[in-house]
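Student: I am new to this structure. Could you take me through it and tell me what the terms rest on?

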Amino acid sequence: MADPRRVEFGDFLRSRREKLSPKTVGLPVGGRRRTAGLRREEVAQLAGIGVDWYIRLEQGRTVSPSVTTVDALARALRLSKTEHAHLKALARDGDKRVFTRETVPPPIQRLVESLPHPAYITGRRWDVLAWNAAAEQVFAFGRLPEQDRNTMLLMMTNKQTRRAYGAGWTDVAKRMVAMFRATHDVWAGDPAFAELLTRLRQGSPEFVKWWEAHEVRGTSSGLKTMSHPTLGVLHFEHTSFQANDDLALKLVIYTPV
């Protein structure tokens with residue numbers, strides 16, 4: 001059975017290859033092409049590797065490309081810094097342990113509860129693990145079943161969340177899918193991530209479309225505007241921090257602006 005991470009590695013190569021044109025990378029256009037993007041042999045040529053080797057990589061075969069090869073592929077495919085980092089992460093041997101839901105240490109729990117602005121803690125699968133009173137007032141995490149306390153599920157399948165973001169929902173949701181893609185792929189094949197992916201696919205046609213595009217983004221701060229049923233229109237600047245106690249934990253804070 002193919003390694004799911006290697007399959008994601010190959011799918012990512014293919015998705016980037018299909019987005020490039022010969023003109024973009026300085027190659028002659030030549031005759032008519034049956035499919036969009038570069039040919040496999042063209043990518044291999046640009047990266048300085050054998051065509052058969054490249055085909056094996058794109059097919060998700062169980063092969064281990066060197067750091068030099070990954071860097072050469074990143075240059076050939078004109079990858080961004082975030083895309084390059086993602087390709088390197090997929091090329092590394094992954095953690096073979098099965099994912100388990102994280103627990104929040106008491107000091108971090110108390111820190112979150114003491115903050116005046118909406119704040120919560122998420123884990124590697126983007127599950128919401130702890131939150132404060134201000135976050136409860138805005139997001140109502142406590143009213144949800146534990147299995148639904150996940151920021152991707154809330155964004156993609158929760159009708160109230162979609163209404164709250166209004167016309168801005170598409171941009172926010174699409175950006176989150178690209179960020180989650182970078183997280184998911186290094187856990188590809190894990191039962192907990194597979195279960196979440198199934199729920200997202202079944203609950204959102206937009207998610208299916210954006211997921212197949214295989215875009216990846218890094219986590220970044222930004223502005224969000226939401227319409228709350230009782231608090232009215234809310235404008236927040238959101239940012240996140242990694243916990244030293246457990247690098248899997250991320251603190252997210254929403255500051256009113």
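Tutor: We will go from the whole chain to its pockets, rings and backbone angles.

Tutor: This is a predicted model, where local features need pLDDT of at least 70, side-chain atom pairs count only at pLDDT 80 or more, and totals for chains, interfaces and linings use all residues. Residues are numbered from 1 along each chain as its sequence is written, and side-chain values use heavy atoms, with hydrogens and water left out.

Student: How many helices and strands are there in the protein chain?

Tutor: There are 12 helices and five strands. Both are DSSP runs numbered from the N terminus: helices are H or I with at least four residues, strands are E with at least two. The C-alpha trace spans about 60 × 40 × 30 Å along its principal axes. Of the 257 residues, 46% count as buried.

Student: What makes Phe-141 buried?

Tutor: Buried means under 20% relative accessible area, exposed means over 50%, and partly exposed lies in between, with a 1.4 Å probe and protein chains only. Phe-141 has a relative accessible area of 2%, so Phe-141 is buried. Ala-76, in helix 4 (residues 67–76), also has 2%, so Ala-76 is buried.

Student: What makes something a pocket?

Tutor: The search uses a 1 Å grid over the protein atoms alone. A cavity is a set of points where a 1.4 Å probe fits but cannot get out. A pocket is an open set with protein on both sides within 12 Å along at least five of seven lines. Lining residues have an atom within 4 Å of a point.

Student: What is the volume of the largest pocket?

Tutor: The largest pocket has a volume of about 930 Å³. Of the 40 residues that line the largest pocket, Phe-139, Leu-154, Thr-161, Tyr-165 and Met-226 are the closest to its centre. A volume here is the space filled by probe spheres set on the grid points, which are joined across faces, edges and corners.

Student: Which strand gives the most to that lining?

Tutor: Strand 3 does, with six residues. Among the elements that supply at least two residues each are helix 9 (159–165) and strand 3 (222–228). Thr-161 is in helix 9. At 18% relative accessibility, Thr-161 is under the cut-off, so Thr-161 counts as buried.

Student: How do the lining residues divide by class?

Tutor: The lining of the largest pocket has 19 nonpolar, 15 polar and six charged residues. Ala, Val, Leu, Ile, Met, Phe, Trp, Tyr, Cys and Pro count as nonpolar; Asp, Glu, Lys and Arg as charged; the others, Gly among them, as polar.

Student: Where does the second largest pocket lie, and how do you know?

Tutor: Domain 1 (4–91) and domain 2 (106–256) both give residues to its lining, so the second largest pocket lies between them. The domain bounds come from an automatic or database domain assignment. This pocket holds about 610 Å³ of space. Of its 22 lining residues, the closest to its centre are Trp-126, Ala-182, Thr-183, Thr-219 and Gln-242. Helix 5 (81–91) gives the most to this lining, with four residues.

Student: Why is the pair of Trp-131 and Phe-141 called edge-to-face?

Tutor: Rings of Phe, Tyr and Trp (its six-membered ring) pair if their centres lie within 6.5 Å. Planes under 30 degrees apart count as stacked, over 60 as edge-to-face and the rest as tilted. The structure holds 15 aromatic pairs. Trp-131 and Phe-141 are 5.6 Å apart, centre to centre, with 65° between the planes, so the pair is edge-to-face. Trp-131 lies in strand 2 and Phe-141 in the loop between helix 7 and helix 8, so the pair ties together parts that are 10 residues apart in sequence.

Student: How do you know that the charged end of Arg-162 sits over the ring of Trp-169?

Tutor: The rule asks for NZ of Lys or CZ of Arg within 6 Å of the ring centre and within 35 degrees of the ring normal. The charged end of Arg-162 sits over the ring of Trp-169, 3.8 Å from its centre. The charged end of Arg-181 sits over the ring of Trp-211, 4.1 Å from its centre.

Student: What phi does Trp-126 have?

Tutor: Its phi is positive, about 70°, although Trp-126 is not a glycine. Most residues other than glycine have a negative phi. Trp-126 is in the loop between strand 1 and strand 2. At 9% relative accessibility, Trp-126 counts as buried.
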